[in-house]
Amino acid sequence: QFPYALEALGTARANEAIDVTAKVSNTVTAIRFRDGQAVRRGAVLVELDGAQASADLAQAQAALVESKSQYARSVELFGTKALSQAQLDQIEATLKANTARVAAAEARLSDTIIRAPFDGHVGLRRVSVGGLVNPGQVITTLDDTSRIKVDFSVPETLVAALRPGLAMRALTTAYPDRQFEGTVASVDTRVDTVSRAVRVRAIVPNGEGLLKPGMVLTVRIVESSMEAL
């Protein structure tokens, strides 16, 4: 008997990774993070000019208060037959429209505050206070590297030897004396018709933060022993 081992080259990827962008064109009024800082989910990263959005919200709220008051009076008048059903329906429709306007104004105001959607580390900032940002423009990056995903390819002839939960080890030239332990998380459902290989993803704990997204890793999976001459 001898242990069946599989080796492949893999690429390290963050557990979660995004480019932090703005939804609207606006001016940066405050930057609430430092390059490379660890942030928690919900932490404010950037503030945009919210003066116009705040004014729109105040106007919409005032209209909503007036609509609620008018609707309450209209219900009383409808009860005394002094108001028709059609008139009451129209006032109710106006109330609903103003409610929707408040919700839309609140959403626009919320868009002026950019928050971290998950725990992680921000990258280098690419904007300055007073600068104009546009939708899709990268402000910074956010990566959760508490765990690293390692993607690698395996020939289709070896697919039968793979299954989630298999132990694996990863090596990198950046830390030649370290071995990083992990497990196979999933095997792709398709085989590439050109390379005749299947993609495999393993998860490696990265509490020390040594592994970085983009690193090339040598992956070694040791399967149970098999009979052979």
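View 1. S4 and S5 pair in the antiparallel sense over three bridges; strands pair here if DSSP finds at least two bridges between them. Strands are DSSP runs of E with at least two residues, helices are runs of H or I with at least four, and both are numbered from the N terminus. This is a predicted model, in which local features need pLDDT of at least 70 and side-chain atom pairs count only at pLDDT 80 or more, while totals for chains, interfaces and linings use all residues. Residues are numbered from 1 along each chain as its sequence is written, and side-chain values use heavy atoms, with hydrogens and water left out.

**View 2. The open sheet around S4 has four strands in the order S5-S4-S2-S7.** Its pairing is antiparallel. Strand S2 (residues 26–31) and strand S4 (residues 44–48) are joined by three bridges, and Val-28 has Leu-48 of S4 as its bridge partner. At the edges you will find S5 and strand S7 (132–133), each pairing on one side only.

**View 3. Twelve named residues, from Ile-18 to Pro-117, line the largest pocket.** A pocket is an open set of points on a 1 Å grid over the protein atoms alone, with protein on both sides within 12 Å along at least five of seven lines; lining residues have an atom within 4 Å of a point. The volume is about 220 Å³, taken as the space filled by 1.4 Å probe spheres set on the points, which are joined across faces, edges and corners. Strand S1 (2–21) and strand S5 (113–115) each supply at least two lining residues, and S1 gives the most, with four. By class, the lining has six nonpolar, two polar and four charged residues. Ala, Val, Leu, Ile, Met, Phe, Trp, Tyr, Cys and Pro count as nonpolar, Asp, Glu, Lys and Arg as charged, and the others, Gly among them, as polar.

**View 4. Phe-152 and Ile-221 have the most contacts inside the largest nonpolar core, which has 23 residues.** S1, strand S8 (138–155), strand S9 (167–171), strand S10 (180–191), strand S11 (197–205) and strand S12 (216–226) each give two or more residues to this core. Apart from it lies another core, of 16 residues, including Phe-33, Val-46, Leu-48 and Ile-139. A nonpolar core is a set of buried Ala, Val, Leu, Ile, Met, Phe, Trp, Tyr and Cys residues joined through side-chain atoms within 4.5 Å. Buried means under 20% relative accessible area, exposed over 50%, and partly exposed in between (1.4 Å probe, protein chains only).

**View 5. Tyr-175 and Phe-180 form an edge-to-face aromatic pair.** Their ring centres are 6.2 Å apart, with 70° between the planes. Rings of Phe, Tyr and Trp (its six-membered ring) pair if their centres lie within 6.5 Å; planes under 30 degrees apart count as stacked, over 60 as edge-to-face and the rest as tilted. Tyr-175 is partly exposed, at 27% relative accessible area, whereas Phe-180 is buried, at 6%.

**View 6. Val-65 sits in helix H1 (residues 51–79).** With a relative accessibility of 57%, Val-65 counts as exposed. The C-alpha atoms of Val-65 and Leu-166 are separated by 61 Å, and the two residues are 101 residues apart along the chain.

**View 7. Arg-196 lies in the loop between S10 and S11.** Look for its positive phi, near 55°, in a residue other than glycine. Arg-196 is partly exposed, with a relative accessible area of 40%.
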